[in-house]
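Subject: Structure for your review

Hello,

Please find below the structure I said I would pass on. My notes follow it.

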Amino acid sequence: KTTDTTLPQEFMNHQTARHVFGLSRSYLYLLANDGRIRSISTCKPGATRGKRLFDAASIRAFLNSHAA
């Protein structure tokens with residue numbers, strides 16, 4: 001499986017977000033639940049499970065707002 005990492009990703013899963021931003025899975029979910037970053041679920045209609053994706057721009061904005 002190859003992925004072009006030269007293009008900025010608009011949405012990313014928690015593994016990629018951890019690699020890019022250094023934030024843990026639990027912290028990403030906490031931020032998303034608090035409305036401090038955006039996320040979407042790709043759950044199919046009627047399904048109980050799906051894939052949670054996090055908005056890279058909102059993570060960057062959150063981190064920039066906390067820069068010293």
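This is a predicted model: local features need pLDDT of at least 70, side-chain atom pairs count only at pLDDT 80 or more; totals for chains, interfaces and linings use all residues.

Residues are numbered from 1 along each chain as its sequence is written, and side-chain values use heavy atoms, with hydrogens and water left out.

The protein chain has three helices and three strands, in the order β-α-α-β-β-α. Helices (H or I, at least four residues) and strands (E, at least two) are DSSP runs, numbered from the N terminus. Of its 68 residues, 22% are buried, where buried means under 20% relative accessible area with a 1.4 Å probe, protein chains only.

Asparagine 13 sits in the loop between β1 (11–12) and α1 (14–21). It counts as buried because its relative accessibility is 19%. A polar atom of its side chain lies 3.3 Å from the backbone nitrogen of glutamine 15 and one lies 2.9 Å from that of threonine 16. Beyond neighbours within four places in sequence, asparagine 13 is in contact (heavy atoms within 4.5 Å) with Lys51, Arg52, Leu53 and Phe54.

Isoleucine 37 belongs to the loop between α2 (25–33) and β2 (39–41). At 5% relative accessibility, isoleucine 37 is therefore buried. With neighbours within four places again set aside, its contacts include Leu28, Leu31, Phe54 and Phe62. Its C-alpha atom is 8.7 Å from that of alanine 56, 19 residues away along the chain.

Regards

Key. Buried means under 20% relative accessible area, exposed over 50%, partly exposed in between (1.4 Å probe, protein chains only). A polar contact is a pair of N or O atoms within 3.5 Å; within protein, one must be able to donate a hydrogen and the other to accept it, and residues adjacent in sequence count only if both atoms are side-chain atoms.
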